[in-house]
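Dear colleague,

I am passing a structure on to you, and I would be grateful if you could look through it alongside the notes that follow.

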Amino acid sequence: MRSTAALFERLAPRYDELWTDTPVGRAQRDAVWRVTDGLFREGDRVLDLGCGTGEDAAHLMGRGIAVRAVDASPAMVAQARARGVDAEVLRAEELGNYVWQPILAAGGLSGRQAGWKDCLQARVPATRCSSFDGAISNFGALNCVQDLAAVARALGALVRPGGHAAIVTMGRFCAWETLYYGARCNFRKAFRRISGRAGDIYYPTVGQIRADFDADFELVHWTGIGMLVPPSYVNLPASVVRLLARLDRLPLLRAWADHRLLVFKRK
């Protein structure tokens, strides 16, 4: 097991305590939801790629959206299942080789879902069956993928034309990270993203991600997540984080943010 995967296995039981439920984690996730809530509607089918403990999936499910969630970490999947999320263990690199099971939304089988059932019964590979109305991948799950273009092609086969894919990744530069570690003379961490790779974590530019998705998707919007709200390891009072979160909505310095949210539309 790779070191990053092993880390998430260890963190899974405390991940929400250490990140999701912190003021910083909540502020950054709320910023993502303000965008993604406008992309999907009740009755849609959405793939959550790198679901973690299922926080995003549970949010979508609460809005009447059918979610299939996958993650490379069995411990994370166990946490997601414990909160009622339809989750299973699957690496992003395996998307194109998987035969997808149907999601039955409330109210029965729609026309689109009936077609999906036909795909299942015929055991049609995922590359020939557009199964989802959209997809999300939040907070750097795809930074663990070396061949992002291959994942993008698999998503292109799974997401219907006109559907959206919302991807949140860590970029090459985070102002907070550089200042925080630079002030402590830890220059290795201060500039660890600049080369585009640190260990088994990759830091693609927005241009690189756009090129990887270009075959099937059009980039319609991107913004920074955590431009002023700091990374989770920067401890600030909750009141300060809330103030920074309000300022974070200003369209400034998006390339300096901790994460980038890219919204693609399936061609």
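The chain has a mean pLDDT of 85, pLDDT being the predictor's confidence in each residue on a scale from 0 to 100, and 85% of its residues reach 70 or more. This is a predicted model, in which local features need pLDDT of at least 70 and side-chain atom pairs count only at pLDDT 80 or more, while totals for chains, interfaces and linings use all residues. Residues are numbered from 1 along each chain as its sequence is written, and side-chain values use heavy atoms, with hydrogens and water left out.

One stretch calls for care: over residues 105–128 pLDDT stays under 50, and the model has 42 contacts there beyond four places in sequence, a contact meaning heavy atoms within 4.5 Å. Where pLDDT is low, the predicted coordinates should not be read in detail.

Turning to the aromatic residues, the structure holds 7 aromatic pairs (rings of Phe, Tyr and Trp, the last by its six-membered ring, with centres within 6.5 Å; planes under 30 degrees apart count as stacked, over 60 as edge-to-face and the rest as tilted). Among them, Phe213 and Phe217 are edge-to-face, at 5.6 Å centre to centre and with 65° between the planes. Phe213 also pairs with Phe264, and this pair is stacked because the ring centres are 4.5 Å apart and the planes are at 15°. Phe213, Phe217 and Phe264 form one aromatic cluster. Both Phe213 and Phe217 are buried, as is Phe264, where buried means under 20% relative accessible area, exposed over 50% and partly exposed in between (1.4 Å probe, protein chains only).

Phe191, by contrast, counts as partly exposed because its relative accessibility is 44%.

With kind regards
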